[in-house]
Amino acid sequence: MTSAITVTGLRKSFGSKVVLDGIDLEVGAGTTFSLLGPNGAGKTTTVQIMSTLVRADGGEVRVAGHDVARNPAAVRAAIGVTGQFSAVDNLLTGEENLLLMADLHHLSRARGRRRAAGLLEKFDLADAARKTVTTYSGGMRRRLDLAMTLVGDPRIIFLDEPTTGLDPRSRRMMWQTIRDLVADGVTIFLTTQQLDEADALADHIALLDHGKVVAAGTPEELKRGIPGAHVRLRFAAVAGLDAAERALGGAFRHEDTLTLEVPSDGGATAVRALLNRLGDTADAVDEVSVHTPDLDDVFFALTGHPAAKAADEEMENVR
Amino acid sequence: MTTLTLAARDSATMTRRSLRHVMRYPVTLVVSVVVPVMLLLLFTGVFGSLRSSLGAVSHSAYLAYVVPGIIVMTAAYGSSVTAQSINRDSTEGIIARFRTMAISPASVLNGHVISALARTLLSVALVIGVSIGLGFRPTADAGRWLAVAGVTALLVLALTWLAVPFGLAAKTAEGLSGFVLIVQLLPFISSAFVPPDQMSGSVRWFAAHQPFTPVIDTLRGLLTGTADGGTALVAVAWCIGIALAGYLWARVLFRRDLSR
């Protein structure tokens, strides 16, 4: 397997704050790699260094075979970036934004127009093509952002939290687009805070915490160490809790919140079976909720401490 | 494609983009003409009437005196619009996108500067047109008009290159208020409305030595026939110096890491 991106010993500090503390990554060409981590873990900084926006303090980063420090122009020619920090031109229309990208990629007028029209169609923006971006919804803007990245036909695409703040439908659309790109042989480097997103899309995941890679592997390898989903039953009184615990067996009891946690995959069949086992005791249940492992669980399982708090994120935003 | 043709092509694309912004929101252009014209009316109507009532100067003579200052204020107003538009690009992140693309890096700022030059010179031309409508009678011949255009373009270039680093450096639009205040207020303490030798003490010294005064004096000389070669040289030197300083500072800011 050839590598699209190799990172060795990457370090970066902003002032006295260490953001990246020696990270190593390897991304195979034509695969999807996900950098998973909470706010403030250093995900965006990593992408900014790989996309030539920020210089590293130490270590080596090679993208598409070129060193980002020594030959940034060659790296830029191979990549596309869509993310939190990149943006669209709000004062232009969607179509004008795409034509601007076509001009900057030195496409001929006719080719640029064809490319723009094709992308507007593909990203479901044809109806809004002549409207200024200020009138777009968050999902439309994100789609336009990615469409602009695709004008130059990049072989490596960086997506920095591409679905943060999107509604579920837009999120699904974005996922499908990413899968289509990979099917065309594009390498995707994706950062996300959501375990299910990395799980759904990535061939390999690296877990970033406080500027260090704390775990790496395929989604299956990582999930092996994580507690499974469970169903949570909440009761109004201790009597119900006692009865249900006897009926189920093997459930984990929380005395203070009057809840029982029952290991389960959380699917409808499993929940129905669980309620059947409760029988009449089910009437004593106030609330049934299904809990699937999220980033917090992964962090707790793999690092033994909860994910970094929002305070760190604010620290980074202040810089 | 050579580096130079690449730079020219990308700069042209970026200039088209900026000009499209101007045409999409023509109100910016209208305001950049209306504000100086309001000032012109204010000064000739209020201040000029006061001076003519004191017998110091006739109304039409004062109008002729004030117009060069108004031209400079139009250029100053234009530069604050430029700073805002660069700041918007910088804070909204489109400059970050441009910097990850295989384009001529210089084109990003060049596009802004070239379109700012075109936009501001158009505003100045409109302001001069309105002044003539109000009774301003310049005595310049074609050669002097050309010199007026040259000096004005140089001034706009200087103020624009000064606006660029301020636009890049400010983290929010509010952070620009210092720059806007300085470029818009400085002309008031110059030879724009009153000859500095009629001012008192340190204000007089400041007004006589600040960069806007030689530019205004040069324009006044060219437009109404009292050209002073020495002043013109000082004006050109100031403009080139300011443009160069702004350009170098902008280059440093543009290349620095994006740490926000």
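Author: Happy to! In chain B, buried residues make up 45% of the 260 residues; a residue is buried if 20 or more other C-beta atoms, placed from the backbone, lie within 10 Å of its own. This is a predicted model, in which local features need pLDDT of at least 70, side-chain atom pairs count only at pLDDT 80 or more, and totals for chains, interfaces and linings use all residues. Residues are numbered from 1 along each chain as its sequence is written, while chains are lettered from A and ligands numbered from 1 in the order in which they are written.

Chain B has 10 helices and zero strands, where helices (H or I, at least four residues) and strands (E, at least two) are DSSP runs, numbered from the N terminus. Its C-alpha atoms fill a box of roughly 65 × 40 × 35 Å along the principal axes.

Now for the meeting place. The contact takes 26 residues from chain A and 21 residues from chain B; two residues are in contact if their C-beta atoms, placed from the backbone, lie within 7 Å. On the side of chain A that touches chain B, α3(A) gives the most, with four residues.

Let's zoom in on that helix. A:Asp103 lies in α3 (residues 94-104) of chain A. This residue counts as buried because it has 20 C-beta neighbours inside 10 Å. Leaving aside neighbours within four places in sequence, A:Asp103 is in contact with A:Gly112 and B:Thr13. A:Gly152, 49 residues away from A:Asp103 in sequence, is 10.0 Å from it in space, C-alpha to C-alpha.

Note on methods. Buried ≥ 20, exposed ≤ 12 C-beta atoms within 10 Å, placed from the backbone.
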